[in-house]
Amino acid sequence: MDNTTAVNPKPTFTLQQATKLTLKLYGVTTTEISTLPSYIDQNFLIVDTEGTKYVLKIMNSEQSKNTTLLGVQTLAMSFLRQHGIPAQTAVPTTTGQLMTMEEKDCGHGTQTHCVRLLTYLPGKTIAVTMQDLYQVGKLAATLDKTLQQLVSPNLDVLQNNDELWSLSNIPLLEGFLSVMDGDPLQEVVKAVIGQYKSDVQPKISSFQKGIIHGDLNDLNILVTPVDNGHHEVTGVLDFSMLMNGCFVFEVAITIMYMMLENPRPLDVGGALLAGWESIMPLNDDERDSLFLLVLGRLCQSLVYGRYHVKKYPENKEYLLITATNGTALLVKLWELGKKEVERKWFTDASMFSVSE
């Protein structure tokens, strides 16, 4: 998810081409194939002759150039799986490769795309109850804590300091604000950026840091029902935003996306925070920055979504997913203000911990 996608659009493999590719690379005969939603990659749901399901993931040509980073992402998925985290893993090709580079002309000259066949994880997206959100928070912290044990000579590729979507780069939004010209929401976004610069940036040096997933949104967390209307997390998807970052960024990102899909968005923060802090407590500076970090991610999603729609109008429905509920949510949070929202989150979190 970066600004270079304007020059290198997402791949455009047809269902037939994807079917042929799966047979050629993996020896898998496809009996059913359908497309899955994606931001700037292509995802296909594949069913083979034995009824086994896979996800064929074809990366955009820009991110496909960084094979070292893709290798670390693929390694991280396997590593987490070995440590009990329900992550997807890559299936080897018939020659034993976990990822392969394929050339295709998608209308902009021949481009190279990284192709991986991933295991399919069952479940549905979106956690609903407070107990579910506690479990999501706990899993997010466990996932990041586990990633700190990841060993690879190439971990420095995760130090992506110019990544637009990193919460350390909220000020970069200023370069994209023209997509909101004429929209009163632009003033709220400007105000969030201003407060981020004055209140959050000076504190980042005190944040706890490490490898984070970076994109635990509602589409990347799968749950399945258990008893009493509760769910358990049965899948974590999409490691393309894996980066060296701050743990509180992960908390903020997860809270923001879970709020979007919840009928009572203000109830989300406390339960999720309680789950996270049962594994990795936040320090005072991190807690004090949480509100603006959540708003910052919301602003990123709304602004970059609009920016990419101008570039790729055919993917408008997916790109503007956040805008459906996000616009009203941003206004509501801004009007309530930091003090009131944080009071609710922290009170809920402390009560939740006790009830646990």
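Select Thr100 and, skipping its neighbours within four places in sequence, show what is in contact with it: Leu25, Tyr26, Thr93, His113, Cys114 and Val115. Contact here means heavy atoms within 4.5 Å. This is a predicted model, where local features need pLDDT of at least 70 and side-chain atom pairs count only at pLDDT 80 or more, while totals for chains, interfaces and linings use all residues. Residues are numbered from 1 along each chain as its sequence is written, and side-chain values use heavy atoms, with hydrogens and water left out.

Stay on Thr100: the residue belongs to strand β5, residues 100-105 (strands are DSSP runs of E, at least two residues, and helices are runs of H or I, at least four, numbered from the N terminus). Thr100 is buried, at 9% relative accessible area (buried is under 20%, with a 1.4 Å probe and protein chains only). Now show the Glu102 side chain, which makes a polar contact of 3.3 Å with that of Thr100 (a pair of N or O atoms within 3.5 Å, one able to donate a hydrogen and the other to accept it).

Next, go to Gly210 in strand β8, residues 209-212. Gly210 is buried too, with a relative accessible area of 9%. Pick its C-alpha and that of Gly245: 35 residues apart along the chain, they sit 5.6 Å from each other. Beyond four places in sequence, the contacts of Gly210 include Gln148, Met243 and Phe247.

Last stop: colour β7, β9 and β10, an open antiparallel sheet in that order. Strands β7 (124-125) and β10 (231-236) are at the edges with a single partner strand each, so one side of each has no neighbour in the sheet.

Terms used: Buried < 20%, exposed > 50% of the residue type's maximum accessible area, 1.4 Å probe, protein only. Pairing = 2+ DSSP bridges.
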